[in-house]
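User: I'd like to learn how to read domains and a ligand site in a model like this one. Can you walk me through it?

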Amino acid sequence: MAPAVLSPTPAAPAAPLRGLPSVDAALKAEAGRAALARHGRQAATAAVRAALDERRAALRAGAGAVPAAEEIAAAALARLDAAAVPSLRPVFNLTGTVLHTNLGRAVFAEAAVEAATQAMRSAVALEYDLGGGRRGERDDHIRDLICELTGAEDATLVNNNAAAVLLVLNTLAQGRPAVVSRGELIEIGGAFRMPEIMRRAGAELEEVGTTNRTHARDYREAIRPETGVILKVHTSNYRVEGFTAQVPPRELADIAHAHGVPLVNDLGSGTLADLARYGLVHEPTVREAVAEGADLVTFSGDKLLGGPQAGFIVGRRDLIARLNKNPMKRALRVDKVRLAAIEATLRLYRDPDRLPEQLPTLRFLTRRPDDMAAQAERLAPVLAHLLPGFTVSVAPCRSQIGSGALPLETLPGIALALRARDGSGGAPARLADALRRLPVPVIGRIEDQALLLDLRCLEDEAAFLFSIGALEGTDQMGGAA
Ligand SMILES: *Cc1c(COP(=O)(O)O)cnc(C)c1O
């Protein structure tokens with residue numbers, strides 16, 4: 001006898017409770033056997049017990065009839081199957097934002113996926129010099145590549161760009177003033193506010209200039225013998241326009257060096273390739289920032305660079321050596337899996353001609369409107385068939401890069417626009433909800449009473465069709481939806 005049947009019977013059970021199947025009986029039912037096979041004895045038994053407890057409570061409250069063993073087993077199996085769906089799972093990013101922070105930013109290049117997989121499966125020479133059989137450093141794997149691609153003397157790698165800024169400020173300006181323009185005290189998505197990071201790094205924030213105008217003399221007057229660093233921040237996600245003035249980076253470097261203070265340039269979405277070469281708007285490259293005289297440049301790995309989350313710090317060898325001696329570096333370092341993916345991603349930049357084919361971020365950004373239009377024409381009839389309550393039209397739209405890169409530059413794209421036939425204003429939101437519940441969720445955006453599915457990042461059309469096929473027969477216009 002299963003203990004569940006023996007133990008939780010308090011006083012004299014009401015007659016129907018005695019008719020409840022045993023745990024054993026439920027596990028022997030067809031769904032019970034499936035639960036055992038798929039999820040193992042411990043989980044299957046616990047789920048059957050939980051299902052029995054629920055029905056027992058319902059019966060005590062006078063609700064429902066005594067269930068058969070198969071019914072209890074089916075409830076347990078459904079619960080186990082639902083809980084087994086990974087929480088972090090693939091989605092179709094049809095939002096039109098290529099580097100969507102909430103959807104994981106850059107999609108890795110195939111070469112990076114392979115390198116990361118290999119590093120997961122095997123021991124790797126992470127901090128081991130295969131030449132001399134001695135201890136090596138993890139930065140050794142990317143130092144030469146990143147220096148070649150940026151013209152910098154030396155480089156190191158940390159968890160993300162926020163960590164890079166934290167480490168740099170803590171190393172160069174702990175307990176000392178860090179000079180920064182009031183026009184660059186930015187917030188990047190809630191948790192990352194420049195003044196906050198500076199304080200947490202132990203630096204004294206020394207603001208200069210005004211929101212819209214900062215001059216060379218503002219920096220000169222602020223520099224004192226104890227000044228630790230001059231920080232320049234790329235105002236990634238916003239732009240000050242109109243009556244503005246900033247000190248050009250080269251001039252700022254001259255001012256810093258005349259006073260013996262290092263200049264740090266936080267580029268944010270630093271890119272390694274000139275985007276203008278691919279028909280996009282030019283974004284300052286890391287090579288340019290280095291050439292303009294910054295002593296250290298920090299940037300992200302998963303923004304325009306198109307790799308995994310990481311923070312790069314490149315620049316003067318003596319300063320990089322100081323960063324590496326800071327105990328904080330150990331707390332911020334990257335693991336072997338990401339390091340492998342980063343190395344493979346950086347290698348792709350050696351062949352800029354083929355970069356748009358090989359790097360998904362650039363492939364999405366450079367996707368031709370006629371290619372997206374052809375795809376839209378193929379998909380529109382399928383969606384129209386699945387969603388009789390909606391009109392499906394092929395519409396021009398504007399996509400964006402995301403993650404604070406070129407915030408005002410949008411890219412001409414093509415979307416499928418889904419509108420309720422009856423003009424119902426709530427229907428697009430209900431449809432968006434249904435799409436988010438698909439086996440592979442589809443994430444679009446609502447604009448102008450339409451659900452827009454921006455096709456810029458849709459590559460696996462077959463997988464998309466398979467996923468939306470689950471909408472067949474569901475009535476997305478139903479009032480109860
Ligand atoms: C995005 C950004 C950061 C933060 O980088 P993460 O890699 O997201 O940590 C810092 N500074 C600037 C200017 C940025 O654009």
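Analyst: Domain bounds here come from an automatic or database domain assignment. Keep in mind that this is a predicted model. The protein chain splits into domain 1 (15–84), domain 2 (92–100 + 364–471) and domain 3 (110–358).

User: How many residues do domain 2 and domain 3 each bring to their contact?

Analyst: Domain 2 puts in twelve residues and domain 3 puts in 15 residues. As for spacing, the C-alpha centres of domain 2 and domain 3 are 35 Å apart.

User: And how do I read the area that domain 2 and domain 3 bury between them?

Analyst: Interface size is often quoted as the accessible area lost when the parts come together. Here domain 2 and domain 3 bury about 1100 Å² between them, with 70% of it on carbon and sulfur atoms.

User: On to the ligand: which residues are closest?

Analyst: Start with the shell, taking residues with a heavy atom within 4 Å. The ligand has 14 residues around it, and the closest are Ala 162, Ser 236, Asp 266, Ser 300 and Lys 303. By type, the shell holds five nonpolar, six polar and three charged residues.

User: What lies 2.9 Å from a ligand oxygen?

Analyst: For Ala 162, that's a backbone N or O atom; for Lys 303, a polar side-chain atom. A backbone N or O atom of Asn 161 sits 3.0 Å from a ligand oxygen.

User: How much of the ligand does the protein cover?

Analyst: The protein covers 95% of the 380 Å² of accessible area that the ligand has on its own. The elements giving two or more residues to the shell are α9 (161–173) and β10 (263–268).

Notes
Residues are numbered from 1 along each chain as its sequence is written. This is a predicted model: local features need pLDDT of at least 70, side-chain atom pairs count only at pLDDT 80 or more; totals for chains, interfaces and linings use all residues. Side-chain values use heavy atoms; hydrogens and water are left out. A polar contact is a pair of N or O atoms within 3.5 Å; within protein, one must be able to donate a hydrogen and the other to accept it, and residues adjacent in sequence count only if both atoms are side-chain atoms. Accessible areas come from the Shrake-Rupley method with a 1.4 Å probe; for residues, only the protein chains shown count as cover. Helices (H or I, at least four residues) and strands (E, at least two) are DSSP runs, numbered from the N terminus. Ala, Val, Leu, Ile, Met, Phe, Trp, Tyr, Cys and Pro count as nonpolar, Asp, Glu, Lys and Arg as charged, and the others, Gly among them, as polar. Contact means heavy atoms within 4.5 Å. Buried area is the accessible area (1.4 Å probe) that two parts lose on being put together, summed over both.
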